[in-house]
Amino acid sequence: VDAALLQYRDLKRTQPDQHDFGSDEPLLDLGYDLIADQQLEAAEAIFRFNLEQHPGTSYSHDGLGDVALARGNKRQAAMHFEKALSLDPSNDYARDALQRLRR
């Protein structure tokens with residue numbers, strides 16, 4: 001993942017109009033596929049990269065919250081879900097995750 005992100009950044013720098021993911025969805029899908037494969041470091045890198053590309057997206061914070069939960073870090077997970085809600089108050093996924101964490 002690190003090598004791919006480095007290559008993308010180089011391509012984006014040299015040919016900015018030709019390299020764009022369009023929306024945050026392709027990277028979100030990739031991040032969740034990596035979580036499903038238990039590749040948590042790679043998933044975290046993808047979600048963080050997605051936030052660089054799409055800073056206003058709340059869904060990458062959901063992904064980072066899910067990575068933190070998979071690692072057993074409930075405090076960090078709650079922080080990410082709270083950030084997701086602050087960016088998008090209608091984010092039911094983050095709201096539900098916070099409710100489950102608080103139980």
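A residue is called buried here when its relative accessible area is under 20%, exposed when over 50%, and partly exposed in between, using a 1.4 Å probe and protein chains only. By that criterion His 61, in helix H4, is buried, with a relative accessible area of 10%. The model is predicted, so that local features need pLDDT of at least 70 and side-chain atom pairs count only at pLDDT 80 or more, while totals for chains, interfaces and linings use all residues. Residues are numbered from 1 along each chain as its sequence is written, and side-chain values use heavy atoms, with hydrogens and water left out.

**Packing of H3 and H4**

- Helices, which are DSSP runs of H or I with at least four residues, are numbered from the N terminus; H3 (residues 40–53) and H4 (residues 59–70) pack at an angle of about 160°, with their axes 9 Å apart.
- That angle makes H3 roughly antiparallel to H4, a term for angles over 145 degrees.
- The contact (heavy atoms within 4.5 Å) involves, among others, Leu 40, Phe 47 and Leu 51 of H3 and His 61, Leu 64 and Val 67 of H4.

**Surroundings of His 61**

- Leaving aside neighbours within four places in sequence, His 61 is in contact with Leu 51, His 80, Lys 83, Ala 84 and Leu 87.

**Surroundings of Leu 34**

- Leu 34 lies in helix H2 (residues 25–36) and counts as buried at 9% relative accessibility.
- Not counting residues up to four places away in sequence, Leu 34 touches Gln 39, Ala 42, Ala 43 and Ile 46.
- Leu 34 and Ile 46 are 12 residues apart in sequence, and their C-alpha atoms are 9.0 Å apart in space.

Conventions. Axes fitted to C-alpha atoms, helices over the stretch in contact; angles between N-to-C directions. Helix = DSSP H or I, 4+ residues; strand = E, 2+ residues; numbered from the N terminus. Parallel < 35°, antiparallel > 145°, perpendicular 65-115°, else oblique.
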